[in-house]
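Hi,

Here is the model I promised to pass on. Have a look through it first, and then read my notes below.

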Amino acid sequence: MLRRLLFVALTVISLNVANSSFAAAQSQNFEHENEESTLESYNRAMFSFNNGFNHYVLMPVSRGYRAITNQFVRNRINGIIKNLKEPISFTNYLLQGDLKNSGVVLSRFVINSTLGLLGMFDVAKGWGLHNDVTSFDDTFAKWCIPDGPFIVLPFFGPSTPRATAGMALGFAVDPVYWATYHDANVSAKISYSYSALQAVALMEQNMDMLNDLEKNSVDFYATMKSAYLQNRRNKGCFNDVNSSSNVSYDFDFDMEEEEETIHHELLINTKKTKNKKPELLLAQ
Amino acid sequence: MKKYLILLALVCSFSFASANVNAAVDAQGAENFVKNVTADGIENIINANIPQAEKDKRFEKLFNNALDLDFIGQFVLGRYWRTSTPAQREAFIEAYRKLNVQTWSKRFDEFKGRNFIFTGTTPSNTKNQIFVNSEVPMEQGAPAKVVWRVEQKGNSYKVVDIIIENVSLAITARNEYSAYIKKAPNGVDDLIKDLQNKTK
């Protein structure tokens, strides 16, 4: 029960932060950079802590996991984890008013939990029911709740207040938690093992990419921040007419723009001034 | 009846004229260009039965031909481009090019067995540029969205950015390098040195 309360509190706080920071960004004429610099030293410290944790704890465990399993086994485990997330997608498609996809996700859950042996095999995909995950974060985006600034959470890594709220709610409605709810002792054990398994399985899938990125980057934090925030764009909002087109990343190739400009576009749909042509700048 | 025909002709010619203004870029040409580049990469590099050194060489050639690195380098350096000397600019572009060739040559290999499905083009607000949209089917989950930002120069085309799952490589590099330069005591020179060290 305490855990529930904590999650709800975290959600409310996160969404409040998202809203107030949005208002602040608007009133400061989008001087997002200043606002971020206060957060940045915290973020960088937390980022390097997480990076250390990943390198010294999570990655070695994930390598061990990779060593004792083969791709076939890992695919089955990933399938089970993915299957347990389908009820969350179902709830969120409903909240987004997307009845079609909620139906697809529900059918997938029923079919894969039974015929697919708890999700080990994606039988439903073969029947044309494709997996399309959605989360509370996507729902908040659809409801046009602003994202807020970039924050690095301990252990969970890159996030924003809206993403944090979405994640907390996702934990709160996790079917694994509710299935074991009646027995506190079993519940704790299963929840923690399940969380650990998820973290290891996720890291196993992503560690090669992360290592590759880190190796080729001169400022890993800046790379991750930029990529994370860009990836979160185009989630689509009910008020937004351009949500499905490429327009929002049709940034002007303006050589003089501040590097943070692109992040401003996260907060508001761009009303761009015309760009200066590169030739002009070259001539200067 | 005749009146209507004239009106129709007028409307048509107007819409034609405005379409021409907006669509200065040959969409089909741009899409074919990206198709050829990816097909070339998949057939002659990824699936070719040749030693890795030869693959790397071929990849570098493809990379140099397909991308407008002067343009990308300039964008990536952002406002620091203006304050850099010609020598620094040249050194930066070369270091950036080398690092990308090395990085993507390796990543490219993991592409084995996959393919691009082209899904049309989207106009850009930037002159002479267009987005070529494509998808890469994945083993698990939804296909990955890969968008190519293509610039037309006369009859030739160059890729100026690749946007994978909403993440623009040019913007990511620009943010990364700006953050780096801001903190580095010797600014751009430090960046160039660091980039060079990564490809040694």
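Which are the buried residues of H7(B)? In this predicted model, they are Ile171(B), Thr172(B), Ala173(B), Arg174(B), Asn175(B), Glu176(B), Tyr177(B), Ser178(B), Ala179(B), Tyr180(B) and Ile181(B). That leaves the helix mostly covered, with 11 of its 15 residues buried. H7(B) covers residues 169-183, and its end C-alpha atoms sit 22 Å apart; this agrees with the 21 Å that its 15 residues should span at 1.5 Å a residue.

Helix H6 of chain B is also worth a look. H6(B) runs over residues 86-109, 24 residues in all, and reaches 35 Å from its first C-alpha to its last, close to the expected 34 Å. Its buried residues are Arg89(B), Phe92(B), Ala95(B), Tyr96(B), Arg97(B), Leu99(B), Asn100(B) and Val101(B). Among the elements that cover them are helices H3 (52-66), H4 (69-77), H5 (80-83) and H8 (188-198) of chain B.

Most residues other than glycine have a negative phi. Leu118(A), however, is not a glycine and has a positive phi of about 60°. You will find Leu118(A) in the loop between helix H4 (99-114) and helix H5 (123-126) of chain A. Leu118(A) counts as partly exposed because it has 13 C-beta neighbours inside 10 Å.

The other is Cys144(A), also not a glycine, with a positive phi near 65°. Cys144(A) lies in the loop between helix H6 (136-142) and strand S1 (151-153) of chain A. With 11 other C-beta atoms within 10 Å, Cys144(A) is exposed.

Best wishes

Definitions and conventions. Residues numbered from 1 in each chain as written. Chains lettered and ligands numbered in written order. Predicted model: local features only at pLDDT ≥ 70, side-chain atom pairs only at ≥ 80, totals over all residues. Helix = DSSP H or I, 4+ residues; strand = E, 2+ residues; numbered from the N terminus. Expected span 1.5 Å × (residues − 1). Buried ≥ 20, exposed ≤ 12 C-beta atoms within 10 Å, placed from the backbone. Contact = placed C-beta atoms within 7 Å.
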